[in-house]
Amino acid sequence: MRFLPLFWSGIWRKPGRTVLIFFQVSVAFALFGMLQGLKTGVDHAVAAARADLLIVHSRLNFFAASLPSGSIEQIKSAPGVRLVVPVDIFGAHYQEPTEGLGVVAIGLVKDWPLAFTYSIAPNYLAAFQKLRTGTLINDALAKKYGWKVGDRIPLMSNTAQVSGSTNWAFDIVGTFSDSDLGGGRYTILINLAYLDEARALGKGTVQHFNVAISDSKQAATVADEIDRRFANSPGETKTESLQELAQSQMQAIGDMNFLIRAIVAAALVALLFATATMMIQSVRERTLELAVLKTVGFTDRAVFLLILAEALLICIAAAALGLAVATAVLPLAARFVLGLTMPKIVLAMGLAFAVVVALISAAIPAALAGRLKVAAALAGG
Amino acid sequence: MSFIRQFLAILLLSLSGAVQRIGSVLTIIIGVACAVGVLVSMLAMGAGVMRQAMGNVRDDRVIMTSVGARNIQSSIPRDEAVAARDLPGIKKSTDAAPVVVFESMVPIEARRRVTGIRVFFPMVGTTAIFTQYRPEIHFTGGREFKPGLHEIIASNPCGRQFNGFDIGERRSLRGIDWTIVGRFDEGQSQQCKVYTDVETLMSAFNRNTYNMVSVMLQSPAEYDAFLKALQANPALHLEARHERDEVQQDLKPLKGILDFASYFVGTIMAIGATLGAVNCLYSIVDSRRREMGTLRAIGFGSAAITVSILCESLLFALPGALLGGALAWAFFNGLAASPFGFNFQLAVTPSLGLTGIFWALGMGVVGGLLPALRASRLPIVTAIRAA
């Protein structure tokens, strides 16, 4: 502790240089944090995606094709299936064509939320079951348009009503939040029974079924069994777990692994050179001062540690700033990956790298300083 | 005149001293090299995508879809498709048939060889004349599909990326066994392409409309006449586009994302490298205070000093740029990548190298500016006295 002022003054011996190197380290670690955070964050999100929820949709086309509602009985009879909920989806917009949102129509069978990733308050859930034109809106939408429970929201859509009108109106009965990666940013939930009755086309069909299974380890077996039941029928199905869907959705970033690693490596190598040069330069300039320290009784070891501590302090503090910036910026990428946050492991990795960079770059200059011969140094100065 | 002589003299002096300051010089070079290398290799993705997609594009090919729809959303009734064959300017094949293909797409799935992950891509049903519409197709094994027999041909990249595309292998679609009967290369394309007979496909999938009708013109110059005739025909509710525009439209979002990511990361790296360069140049200038002071004292102008330091900074940045570009080329050129399900090889092109050099010169100027100004403003007396 008593060396604190000493090494503090060492750091601020040349403030300009310290500030520059500080920001250089910060920038490198901000980049590291963003790239590695994105990669690891996505990996975590995929791993956390529910493997026990299956989506049964048409083999032809995920969005455009539909399945007959009657398929539900065959799906239910597959072993391992706990709950099947029919779901239809369509796109709608609010006032302007650019203000799009997704409408998820859910068949309100008993315990249906078990087959979804939504969290809904019990009183909202009860209200939703009761009112046929009721809708639950997600939190992001509530925030975006300032919608409140009790509001009636007019929407426009390509899905026509029996009357021919393409305008729809729903009564907000509550809000929900979604933990699923591919859940969409702006969605509302409505009653499938109401939609099916009111729409002009596509009656008796659904876009997919949500299936909850009893054992997530059996997901692949159950999925294959369901698909087998519809093989060679006009309504051929394809069953995937949410985890599998998340995986293929996030495949893109997985493929970038090599590139991300190369970038991080390049950034750290460049940084290593910069910090090492800076430390060598700094020790060289201070030869005289370090010799004086030794003259007044500092051991070789103390001088060695003094230099090392300087490098460590700068690197760790700067890396912390960089990682903090990355943590603040990363949620902006949540547009592409819902709920993306900085994984703790990346922060730990970053700080560990900072220590490594500091130790490597300070090793030579600190050793030089430690071995400094007092007489020679003073004479040379 | 004396400015130039002074400038050259200082620059030579600086460079001859570079060896003694090898640490600082190397730091600048390596910092710039890393920043340029990262920028160039990331931009190589966008360049690779474009090269890959545009490689097979021909000016004499035109793609028609139903009005306002693209790709799989488009739906063209049979009678319109047949009528479109009579439009003027269409090339005639060797047996006098117009080179027009009717195409319909269905998604099929395959598992990646390495990861086993399921991937979806379209299987394209096409007309028998497609080999004349796509002369870049060269069969490397097997034969063309025969109508009515549920036969598939697949491009060689399919076989490299996915299981199940060897000749003789079967896959079940709509309860029917489809057999792979041929393998081909499609120009330089790394994209997996799978074709079958369009009528066989449509009857298997209960379809009555095509997705696209594509024609080959006698020459690219026929396009205007072709378009005019198409628009004048009230029976045809189709819109036509050059193949080039169609492909560009398809790739715009992907290219946009890739380029944004490249410049985003490239800029951050450049800021880091510039900060490093500033630091190093400051320490170079500091270590030469006495020298600078002496030069000023014997009558060298401060402008010459400023410019020569700036120039020195640029000269250090330049080898960095070359090194970075070379590293990017060595590591990444030709590397196969498939972000967003689009397969291509990264392309480190000369124009990207040039971008890298400009980027580096930018870092050199920005990084050299402050140290150069400081060098020229040193008070002569204190500078000469400096240790």
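Biologist: How many bridges join strand E1 (residues 61–66) of chain B to E11(B), and do the two strands run parallel or antiparallel?

Modeller: In this predicted model, four bridges link E1(B) with E11(B), and the two strands are antiparallel. Since at least two bridges are what a pairing requires, four are enough to call these strands paired. Within this pairing, B:Ile63 has B:Ser214 of E11(B) as its bridge partner.

Biologist: Why is strand E11 (residues 212–216) of chain B called largely enclosed?

Modeller: A residue counts as buried when 20 or more other C-beta atoms lie within 10 Å of its own, and five of the five residues of E11(B) are buried, so the strand is largely enclosed by the rest of the structure. Both faces are covered, with B:Met212, B:Ser214 and B:Met216 buried on one side, and B:Val213 and B:Val215 buried on the other.

Biologist: How do you know that B:Ala154 counts as buried?

Modeller: B:Ala154, which belongs to strand E6 (residues 151–155) of chain B, has 26 C-beta neighbours inside 10 Å; the cut-off is 20 or more, and therefore B:Ala154 is classed as buried. Beyond its neighbours within four places in sequence, B:Ala154 makes contact with B:Gly159, B:Phe165, B:Ile180, B:Arg183 and B:Val194.

Biologist: Why does B:Ala96 count as exposed?

Modeller: B:Ala96 has 6 C-beta neighbours inside 10 Å, and as 12 or fewer is the limit for an exposed residue, B:Ala96 falls in that class. B:Ala96 sits in the loop between helix H3 (78–84) and E3 of chain B, and its phi is near 65°, a positive value in a residue other than glycine. What makes such a value worth a remark is that most residues other than glycine have a negative phi.

Biologist: What makes A:Asp111 exposed?

Modeller: The count for A:Asp111 is 10 other C-beta atoms within 10 Å, and the limit is again 12 or fewer, so A:Asp111 is exposed. A:Asp111 lies in the loop between strand E4 (100–106) and strand E5 (118–120) of chain A, and its phi, near 60°, is positive although the residue is not glycine.

Biologist: Why is chain A called more spread out than a compact globule?

Modeller: Chain A contains 14 helices and 12 strands. For its 381 residues the globule rule gives 21 Å, whereas the radius of gyration of chain A is 30 Å, well over that value, so the chain is more spread out than a compact globule. The C-alpha trace of chain A spans about 100 × 45 × 35 Å along its principal axes.

Biologist: How do you know what span to expect of helix H10 (residues 302–332) of chain B?

Modeller: At 1.5 Å a residue, the 31 residues of H10(B) are expected to span 45 Å, and the helix reaches 44 Å from its first C-alpha to its last, which is close to that expectation. Just after H10(B), B:Gly334 takes a positive phi of about 85°.

Biologist: Which residues make up the side of chain B that touches chain A?

Modeller: The contact takes 34 residues from chain B and 33 residues from chain A. On the chain B side, the elements that give two or more residues are helix H2 (22–54), strand E3 (100–111) and helix H8 (243–287), and H8(B) provides the largest share, 13 residues. By class, this side has 20 nonpolar, 12 polar and two charged residues.

Biologist: What confidence does the predictor give to chain B and to the complex?

Modeller: The mean pLDDT of chain B is 85, and 96% of its residues reach 70 or more. Among the elements of chain B, strand E13 (residues 336–337) has the lowest mean, 70, and strand E9 (residues 194–197) the highest, 93. For the complex, the predictor gives an ipTM of 0.76 and a pTM of 0.76.

Key:
Residues are numbered from 1 along each chain as its sequence is written. Chains are lettered from A and ligands numbered from 1 in the order in which they are written. This is a predicted model: local features need pLDDT of at least 70, side-chain atom pairs count only at pLDDT 80 or more; totals for chains, interfaces and linings use all residues. Two residues are in contact if their C-beta atoms, placed from the backbone, lie within 7 Å. Ala, Val, Leu, Ile, Met, Phe, Trp, Tyr, Cys and Pro count as nonpolar, Asp, Glu, Lys and Arg as charged, and the others, Gly among them, as polar. The expected span of a helix is 1.5 Å times one less than its number of residues. pLDDT is the predictor's confidence in each residue, from 0 to 100. The radius of gyration is taken over C-alpha atoms; the globule rule is 2.2 Å times the number of residues to the power 0.38.
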